[in-house]
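User: I'm new to this one. Can you walk me through it?

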Amino acid sequence: MKVDRIQDEGLRASLQAAHASLRAGDHRDVVQRAGEAYIELLRRKPELLQGEGAMPQMRIFMFPRLCAHLEVEDGRPVAVAFDRENIGFPEAVTYYEFAVDNLVREGL
Amino acid sequence: MKFGLFYEHQLPRPYDEETWGPEDEHQILKHALEQVELADRLGYDYVFEVEHHFLEEYSHSSAPEIFLAAASQRTKNIRLGHGIALMPPRYNHPARVAERISTLDLVSDGRVEFGTGESASEMELGGFGVAREEKKLMWEEATRECVKMMTQSPYPGYEGAYFGMPSRNVIPKPLQKPHPPLWVASSRRETTMVAARLGMGSLGFAFETPEEAQERVEQYFELVREECTPIGAAINPALAVLSSLSCFETDEEAVEKGREGTQFFSYSLGYYYSPLGAAHQPSKTHLYRNFRDTPEEKRMGVLGGRGFGGFGGGNEEVEPDDEVKRALWRAAKRGGCIGSPDFVRDTLRRYDDAHLDVMIFVAQSGARKHEDVMDSIYRFGTKVLPEFKERHEMHEKWRAEQLDGVEFAINSSI
């Protein structure tokens, strides 16, 4: 599984737990964990948020916005904000795969 | 690897006129039927037809079931794909989709591919009152129930979040049992992984590189084997991707005849799927004129200011990070299958080596001439396609290995 290719032990364990939640039908937990893992990626690689014009916001914007999004407020850490509580299976998969793919691609 | 054609029925307004001529829509559909007929004779495997509404110039294909039904009576073997049917119930009630898919399957002697999706343009979502934030939930619910309607007698009825109906026997039933192969539009990698988990084919409208396709293929089949809970009564393990097709005797001629159409495809797609599209003025906005009046290196501005790379002398050679924008950016570049038969063959071998199941060609786009589209379809069909037909047996063996141990019923045309 691609999740096993995440090198950071803590992040890998969290997304493996998200995977278990996906199979168990706990979709909210999947989205929460995926969001937190992605935020951690951005924290560890601040260069991803650097650039000119709209580019710094691109990484925030790329995060799926199906049932939750990343909230950015001045002076506060980026956080996962849920837009609703009923979350479908395909939505949970989308967040999970997004997080796993980005972490693997960025070498974490 | 198998091959198909992909139709949006693009119809740019004439540059010097405010609107189309009285025969233009008639002609684009009749021409497309001729092209599909030729493709069938040459051995192409699929024609996929979109469903879009109100996207002037970009897509005049709002009733694909009618076009595919017409195509079914002019062809013998080519499979007839919805690429895709819009599933949120405000677009199409699931029972009406089931009835139309089944009827098309019957009149075509079992040649339907049932592609599903949601759309994302504000013109369509707003036009039908579909809530953007819940469209994926709508898609899943409607698709799951629609398939039951094709397989259960009677359908026991349903009260869901987005539609409900009492018990009825939804008739007719499809010729293919338990139902035609299921697909879902996958413009993002994540959706491909949703497809695998639900046992659906992935219609990847993303212009992937062979390397990306290979990675997706590996992950997709791994998930089919280990994590699949089918949404239907049979799985369709299959991956398809899109590419532009402009196949002529020389690379130069292929670029000359294929470039603008490919660019317009990307430009108009980017327009309708960006905030600009939400401000579209029906019957007034002249998209093709705007496109032509925009300097070539700036035509991708609607996609975030990136240049055209190989096509327009754009300064920006770095691909966009965002997956959707990257797909559009690539569509506008030379590459894909725009070139001589040798160039196209070499490109496709890389996808074949990546074990891709289907390559779907956008041959008709922008203001490309019908004669050129026919020429391109013919040249590819006679000079490139036969080699891949011969190689398909190897691919079938590879697929059998991938699916070894999978216990679900399979209905796939690969």
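Predicted model: local features only at pLDDT ≥ 70, side-chain atom pairs only at ≥ 80, totals over all residues.

User: What counts as buried here?
Analyst: A residue is buried if 20 or more other C-beta atoms lie within 10 Å of its own.

User: In what sense does β2(B) pair with β1(B)?
Analyst: In the parallel sense, over 4 bridges. Strand β1 of chain B is residues 2–7. Gly4(B) stands opposite Tyr46(B) of β2(B).

User: And how does β2(B) pair with β3(B)?
Analyst: Parallel, over 4 bridges. Strand β3 of chain B is residues 79–82. There, Leu80(B) is the bridge partner of Val47(B).

User: Which helix goes with β1(B) and β2(B) in a β-α-β unit?
Analyst: Helix α1 of chain B, residues 24–42. The unit is right-handed.

User: What about the path from β2(B) to β3(B)?
Analyst: The chain crosses through helix α2 of chain B, residues 64–72. This β-α-β crossover is right-handed.

User: Staying with α2(B): how does its axis sit against α3(B)?
Analyst: Helix α3 of chain B is residues 94–107. The two axes come within 9 Å and cross at roughly 10 degrees. Angles under 35 degrees count as roughly parallel, so α2(B) and α3(B) are roughly parallel to each other.

User: Which residues meet there?
Analyst: From α2(B), Glu65(B), Leu68(B), Ala69(B) and Ser72(B). From α3(B), Arg100(B), Leu104(B) and Val107(B). The residues of this contact divide into 4 nonpolar, 1 polar and 2 charged.

User: New topic. How many residues of chain B are in contact with chain A?
Analyst: 13 residues of chain B, in contact with 14 residues of chain A.

User: Which element of chain B gives the most to that side?
Analyst: α6(B), with 6 residues. Two elements give two or more residues: α5 (135–151) and α6 (189–198) of chain B.

User: How do the residues on that side divide?
Analyst: On the side of chain B that touches chain A, 3 are nonpolar, 2 polar and 8 charged.

User: Last one: where is Arg292(B)?
Analyst: Arg292(B) is in helix α10 of chain B, residues 287–293.

User: Why is Arg292(B) partly exposed?
Analyst: Arg292(B) has 16 other C-beta atoms within 10 Å. The C-alpha atoms of Arg292(B) and Phe264(B) are separated by 8.9 Å, with the two 28 residues apart along the chain.

How values were computed:
Residues numbered from 1 in each chain as written. Chains lettered and ligands numbered in written order. Contact = placed C-beta atoms within 7 Å. Nonpolar A, V, L, I, M, F, W, Y, C, P; charged D, E, K, R; others polar. Pairing = 2+ DSSP bridges. Right-handed = clockwise from strand over helix to strand, strands pointing away. Axes fitted to C-alpha atoms, helices over the stretch in contact; angles between N-to-C directions. Parallel < 35°, antiparallel > 145°, perpendicular 65-115°, else oblique. Buried ≥ 20, exposed ≤ 12 C-beta atoms within 10 Å, placed from the backbone.
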